Amino acid sequence: MKRQIFRTVFIGMALACVPLGLAANAAEGAQPGVISAVPEKQTISLAKGQVLSLVMPKIDPAGATERQEYSKRAFTIARSLGLQLEGSFTIPAKIVGNFTPDIALFFSWPNQAAETALSLHAEWPEIKALRPKAWEELKIYTVTLEGDTTLEFDPTKSYTLAIAWLNPARPNDYYKYMEAISDDVQAVGGRFILKMVEPRFEAHASPKVAPGQVTIAEWPSDSSVAELRRREGYAEKYAYFESGVSRFEFYRIAPVIK
């Protein structure tokens with residue numbers, strides 16, 4: 001399958017094919033929000049059965065040695081199993097939440113067996129143990145795709161990333177909220193381009209509770225979300241959000257164009 005692979009501008013190094021968590025060390029010295037001046041759309045094309053992971057790292061400044069070792073060892077194994085970097089995103093703004101990642105990265109595996117093979121590798125427990133020393137936090141959200149998936153990113157548009165942990169007492173209310181606002185999102189020119197429902201979750205410095213949904217939305221501009229909230233009837237729909245979510249993170253992200 002032909003893919004268009006995003007490449008970062010951080011420290012002048014391409015990050016294509018970097019395994020899970022490795023690209024975080026490229027965030028050192030990065031300039032948030034910097035993307036190519038070329039207004040070229042970029043596409044991620046994935047097939048049913050592939051595994052998609054969103055990686056959000058926060059480096060530990062004292063962990064450079066551990067990051068280097070992790071990168072060297074994990075890269076060799078994961079690349080041989082077919083891991084690909086699919087997209088890199090800067091994070092110009094954290095809107096809601098206590099976590100401030102350095103970057104957001106999408107990776108793909110050919111299938112579930114390939115992802116599982118990494119965790120079963122004899123060296124993996126020792127390699128993975130380096131994460132807490134290399135990063136203050138490394139959050140990974142993973143789903144196996146149930147159908148062919150194409151994600152298109154336009155550098156002239158605005159993008160948001162929402163991560164919702166559900167209220168156990170009312171777990172369906174967040175989904176009701178997302179359904180209720182779907183027409184309003186379209187009315188302001190937005191669209192949902194990815195919903196990772198009940199993703200598998202990895203972290204070493206956060207509660208191990210997985211979110212109910214990870215959502216990326218495209219908007220005409222940075223002001224579109226505020227326009228959405230001003231629409232008539234939004235307050236009533238927002239009540240489902242308030243009752244349905246126990247924890248929430250919301251970011252503005254920008255694609256790094258190759």
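This dialogue examines how several structural terms apply to a predicted model.

Mentor: In this predicted model, local features need pLDDT of at least 70 and side-chain atom pairs count only at pLDDT 80 or more, while totals for chains, interfaces and linings use all residues. Residues are numbered from 1 along each chain as its sequence is written, and side-chain values use heavy atoms, with hydrogens and water left out.

Trainee: Why are helix 5 and helix 8 called roughly antiparallel?

Mentor: Helix 5 (residues 173-180) and helix 8 (residues 234-244) pack at an angle of about 155°. Angles over 145 degrees count as roughly antiparallel, and the two helices are therefore described in that way. Their axes are 7 Å apart, and the crossing is left-handed.

Trainee: Which residues of helix 5 and helix 8 meet?

Mentor: With contact meaning heavy atoms within 4.5 Å, D173, Y174, K176, Y177 and A180 in helix 5 meet Y234, K237, Y238, Y240, F241, S243 and G244 in helix 8. These residues comprise seven nonpolar, two polar and three charged.

Trainee: What makes T215 buried?

Mentor: Buried means under 20% relative accessible area, exposed over 50%, and partly exposed in between (1.4 Å probe, protein chains only). T215 has a value of 3%, so it is buried. T215 lies in strand 10 (residues 213-219), and the residues it touches include Y174, M178 and F192.

Trainee: Why does A226 count as partly exposed?

Mentor: The relative accessibility of A226 is 36%, so this residue falls in the partly exposed class. A226 lies in helix 7 (residues 224-229).

Definitions and conventions: Axes fitted to C-alpha atoms, helices over the stretch in contact; angles between N-to-C directions. Helix = DSSP H or I, 4+ residues; strand = E, 2+ residues; numbered from the N terminus. Parallel < 35°, antiparallel > 145°, perpendicular 65-115°, else oblique. Left-handed = near helix turned anticlockwise from the far one by under 90°. Nonpolar A, V, L, I, M, F, W, Y, C, P; charged D, E, K, R; others polar. Lists of a residue's contacts leave out its neighbours within four places in sequence.
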